[in-house]
Amino acid sequence: MASKNLKMMVFDLDFTLWPFWVDTHVTPPFKKNSNGIVVDSYNSEIEYYPQVPEILQKLYDEGYTLGVASRTSEIEGAKQLLQLFGWDKYFSYLEIFPGRKTTHFNNLKEQSGIDFKEMIFFDDELRNIHDISALGVVSVFVKKGVDKSVIEEGKQQFASGVKKSIR
């Protein structure tokens, strides 16, 4: 069970919520086709990790503040996908721009008023896990996309006080 002090969950995008780099593997602009499927400019279907919509809805319903911290250079494309997938309604904070994740997190802390020790972060890059755990944010290394087990592991890690989880 998660600690009652956990207030904010922050997610990377590329290879965390979806299985590609938005700035290199797909081609914006994105749209929904006549079947309601999100596609890129070549009409290739854009997919996300299967459990993500249900997870975001559940975390939102549980009252967590949700944020994004992404280093992508394809800022508008990333925001467009969040909107087309219907996920923009879940995220209160979007930090999407190239640079160090520490800048993203300092912005999140300042904008939200939520302290680092009340946050958890999910990312697929070890350099980001190291940088953000050094701030005091519980950081979970995501190997194959976010799923329910990754979220539960993160909540358990937060409750135990471990700042970094690399399996």
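E95 sits in strand 5, residues 91-96, where strands are DSSP runs of E of at least two residues and helices are runs of H or I of at least four, numbered from the N terminus. The model is predicted, so local features need pLDDT of at least 70 and side-chain atom pairs count only at pLDDT 80 or more, while totals for chains, interfaces and linings use all residues. Residues are numbered from 1 along each chain as its sequence is written, and side-chain values use heavy atoms, with hydrogens and water left out.

- E95 is buried and has no salt bridge; buried means under 20% relative accessible area, exposed over 50% and partly exposed in between, with a 1.4 Å probe and protein chains only.
- A salt bridge requires a side-chain nitrogen of Lys or Arg within 4 Å of a carboxyl oxygen of Asp or Glu.
- The nearest side chain of opposite charge is K79, 8.8 Å away from E95; Lys and Arg count as positive and Asp and Glu as negative, with His and the chain ends not counted.
- The side chains of E95 and N107 make a polar contact of 2.8 Å, a term for N or O atoms within 3.5 Å, where within protein one must be able to donate a hydrogen and the other to accept it, and residues adjacent in sequence count only if both atoms are side-chain atoms.
- Beyond its neighbours within four places in sequence, E95 is in contact (heavy atoms within 4.5 Å) with V68, A69, S70, H104, N107, L108 and Q111.

**Helix 1**
- In helix 1, residues 52-61, the buried residues are V52, I55, L56 and L59.
- Seen down the helix axis, these residues fall within an arc of 95°, so they line one face of helix 1; the arc is taken from the directions from the helix axis to the C-beta atoms.
- Strand 1 (8-11), strand 4 (65-70), strand 5 and helix 5 (148-160) pack against the buried residues of helix 1.
- G63, which follows helix 1, has a positive phi near 95°.

**Helix 5**
- The 13 residues of helix 5 should span 18 Å at 1.5 Å a residue, which agrees with the 18 Å between its end C-alpha atoms; the expected span is 1.5 Å times one less than the number of residues.
- Its buried residues are V150, I151, E153, G154, K155, Q157 and F158.

**Backbone in the loops**
- Most residues other than glycine have a negative phi, and most peptide bonds are trans.
- The peptide bond from P28 to P29 is cis, with omega near 0°, and P29 is in the loop between strand 1 and strand 2 (31-32).
- F15 has a positive phi near 60° and lies in the loop between strand 1 and strand 2.
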